[in-house]
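Subject: Structure handover

Hello,

I am passing on the structure below, followed by notes on what was found in it. Please keep them together when you file them.

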Amino acid sequence: MDRTISVLGGDLRQARLAELLLADGLDAVTWGLEGGEAPNPVPLGRALERDIIVLPLPVCRGGGLNLPLTDTALDAEQLWKRLRYDQLLRGGQTGELAPRLMADYGLTLLDYYAREETQIANAVPTAEGAIQRAMEATERTLHGSRCLIIGFGRIGKALARRLQGLGAQVAVFARRFSDQAWVEASGCEVFRFAAGELGRFDLIFNTAPALVLDAGRLAELREDCVVLELASPPGGVDLDAAGRLGQRVISAAGLPGKVAPVTAAAAIRDSVYHILEERGEPI
């Protein structure tokens with residue numbers, strides 16, 4: 001592949017991504033990643049000249065480009081005005097941004113995180129990171145601990161298998177009957193939120209993106225129960241109610257970039273390559 005790549009902003013995932021691209025022999029530069037010691041840093045103007053620009057995950061925060069590894073701010077709207085229609089943009093969790101950029105600026109933005117292979121690859125470090133956080137947060141072993149997983153998607157499945165392997169007692173709440181069947185087939189208990197049942201758990205892992213643990217349900221938890229919120233905001237836990245009740249909730253969203261940035265970066269790299277291959281532009 002002869003075209004050039006710029007990795008623009010983001011966290012340690014993007015810093016490690018640049019290293020992987022260079023290791024593959026690609027012409028890659030970085031901007032806004034100095035806190036992650038990313039290779040080949042260049043001024044913004046030079047970074048914006050590249051043919052392919054890889055944006056953060058998520059792309060924006062508060063109207064600006066997501067730049068946690070630099071003290072520099074970059075207004076997103078000013079950035080879009082500086083890009084060319086013939087550049088290929090790749091970003092994570094793009095939401096409604098992609099159609100708006102096409103309509104307003106003629107820019108092509110594709111979501112590398114929305115792809116199934118990327119979601120599956122990220123489920124593994126999320127599950128391992130959740131277990132790490134749980135072990136740090138409690139004074140008991142996971143072996144023998146009573147754990148509830150809310151949601152049985154990619155992360156829930158990966159987490160259930162690993163908790164079982166450590167000897168935990170695992171129950172799972174899943175709304176769909178097909179997921180409940182998979183829960184039973186996996187050797188886990190199907191949990192149905194019967195009154196008073198939440199009080200038996202030592203650890204609760206939420207993977208659901210919609211509210212499940214409201215004030216009423218949080219009030220049923222024991223004082224020493226630890227809740228780990230794995231879903232992206234707004235998540236599935238009423239944090240205000242948890243604060244009023246003195247319930248311990250650990251925010252653990254975005255774990256792949258925190259506990260396994262190299263693995264997470266490899267998933268992004270592969271997704272970018274797959275997108276290019278589908279466009280008839282293989283590496």
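Predicted model: local features only at pLDDT ≥ 70, side-chain atom pairs only at ≥ 80, totals over all residues.

On the α5 side the contact is made by E116, Q119, I120, A123, V124, T126, A127, E128, A130 and I131. On the α6 side R154, I155, A158, L159, R162 and L163 take part. Sorted by class, this contact has 10 nonpolar, two polar and four charged residues.

α5 also packs against helix α11, residues 261-278. Here the angle is about 175° and the axes are 9 Å apart. An angle over 145 degrees counts as roughly antiparallel, so α5 and α11 are roughly antiparallel to each other. From α5, the residues E117, T118, A121, N122 and P125 meet T263, A264, A267, S271 and H274 of α11. The contact of α5 with α11 has four nonpolar, five polar and one charged residues.

Next, the largest pocket. Its volume is about 1000 Å³, and 41 residues line it. Those nearest its centre are Y113, I155, L230, A231 and S232. I155 also belongs to the α6 side of the contact with α5. Three helices, α5 (116-137), α6 (154-165) and α10 (255-259), each supply at least two residues of the lining. By class, the lining divides into 21 nonpolar, 12 polar and eight charged residues.

Some points on the backbone remain. The peptide bond from L57 to P58 is cis, with omega near -10°. P58 sits in the loop that runs between β3 (52-54) and β4 (60-61). A cis peptide bond is also found from P233 to P234, where omega is near 10°. P234 is in the loop between β12 (226-229) and α9 (239-245). Finally, N40 has a positive phi, near 50°, although N40 is a residue other than glycine. N40 is placed in the loop between β2 (28-31) and α2 (44-47).

Regards

Notes: Residues numbered from 1 in each chain as written. Heavy atoms only, no water. 1 Å grid on protein atoms, 1.4 Å probe; cavity = no way out; pocket = protein on both sides within 12 Å on 5 of 7 lines; lining within 4 Å. Points joined across faces, edges and corners; volume = space filled by probe spheres on them. Helix = DSSP H or I, 4+ residues; strand = E, 2+ residues; numbered from the N terminus. Nonpolar A, V, L, I, M, F, W, Y, C, P; charged D, E, K, R; others polar. Contact = heavy atoms within 4.5 Å. Axes fitted to C-alpha atoms, helices over the stretch in contact; angles between N-to-C directions. Parallel < 35°, antiparallel > 145°, perpendicular 65-115°, else oblique.
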